[in-house]
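Please walk me through this structure. Start with its charged pairs, then move on to its helices and its surface.

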Amino acid sequence: MLNSIFYKSVFKDFAFLVLRVFTGALLIHHGFEKLNDINNFADAFVRPLHLPFPVTLSYIAAGSEIGGSWLLILGLGTRLGASAILGTMSVAIYHAIVTSGFNIYLLELLLLYFASAFSIILLGPGMFSADYLIKKISKSNPEFFKSIFNKESSVPSLASSYKQSNKAIKQKRTFDFPFSSFLS
């Protein structure tokens, strides 16, 4: 029994850590290469697709690769970072197919990044991530984040009106967003 608990939690979560860190670390330089010569990237990859605002979209692609990679490495907003990478890889795969057909040598790296990002979205960040720590802290001490973000006002009338409006908002809330656990 101890053996199955050890293998299920630690090794699975360690595998998620390895997948996240290696995907982020190997992909981040692609974003920096785009930023080195953004006009060349726009001419070579975005303009052939006849997309509007090629330089702006090139900056968005570079930013999603750099920002998404950092989010994966840190494990903070992991699914959001993986979604940014997934979107960029989807466009890159489309570009490779449109310009070169089903050339496996062009598609293999793109498909590996796509599969990694898609797996991270489905499986989550794992136990070795900032998302996990935030989730654990918020479950064990729900007042912790409220104390950080809700600073009490020194004026009593403002504090009491704030508390009353906060209670009214909590009472009126009947709908919870269905994908609220997307970032955890």
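Arginine 47 is partly exposed, because its relative accessible area is 36%. Here buried means under 20% relative accessible area, exposed means over 50%, and partly exposed lies in between (1.4 Å probe, protein chains only). This is a predicted model: local features need pLDDT of at least 70, side-chain atom pairs count only at pLDDT 80 or more, and totals for chains, interfaces and linings use all residues. Residues are numbered from 1 along each chain as its sequence is written, and side-chain values use heavy atoms, with hydrogens and water left out.

Arginine 47 has a charged partner. It forms a salt bridge with aspartate 43, and the closest N and O atoms are 2.1 Å apart. A salt bridge is a side-chain nitrogen of Lys or Arg within 4 Å of a carboxyl oxygen of Asp or Glu. Aspartate 43 is partly exposed too, at 43% relative accessible area. Side chains of opposite charge can pair when their charged atoms come close.

By this rule the count comes to 2 salt bridges. The other joins lysine 34 and glutamate 65, with the closest N and O atoms 3.0 Å apart. Lysine 34 lies in helix H1 and glutamate 65 in helix H3, so this pair ties together parts that are 31 residues apart in sequence. Are these two residues buried or exposed? Lysine 34 is buried, with a relative accessible area of 11%. Glutamate 65 is buried as well, at 2%.

Now take the chain as a whole. It has 8 helices and 0 strands. Helices (H or I, at least four residues) and strands (E, at least two) are DSSP runs, numbered from the N terminus. Buried residues make up 28% of the 184 residues. Contact means heavy atoms within 4.5 Å. Of the contacts with a separation of 6 or more, 67% are between residues 24 or more positions apart.

How do H2 and H3 pack? Helix H2 covers residues 38–46 and helix H3 residues 54–74; their angle is about 100 degrees and their axes are 9 Å apart. That makes H2 roughly perpendicular to H3. Axes are lines fitted to C-alpha atoms, for helices over the stretch in contact, and angles run from 0 to 180 degrees between N-to-C directions. Angles under 35 degrees count as roughly parallel, over 145 as roughly antiparallel, 65 to 115 as roughly perpendicular and the rest as oblique. On the H2 side, the contact includes Ile38, Phe41 and Val46. On the H3 side, Val55, Leu57 and Tyr59 are among the residues involved.

Isoleucine 38 sits in helix H2. It is buried, at 8% relative accessibility. Leaving aside neighbours within four places in sequence, isoleucine 38 is in contact with Val55, Ser58 and Tyr59.

Histidine 95 belongs to helix H4 (residues 78–100). It is buried at 9% relative accessibility. With neighbours within four places in sequence set aside, histidine 95 touches Ala44, Phe45, Pro48 and Leu49.

Finally, the surface. The chain's accessible surface comes to about 12400 Å², and 69% of it belongs to carbon and sulfur atoms. Accessible areas come from the Shrake-Rupley method with a 1.4 Å probe; for residues, only the protein chains shown count as cover. Valine 18, in helix H1 (residues 2–36), is partly exposed at 33%.
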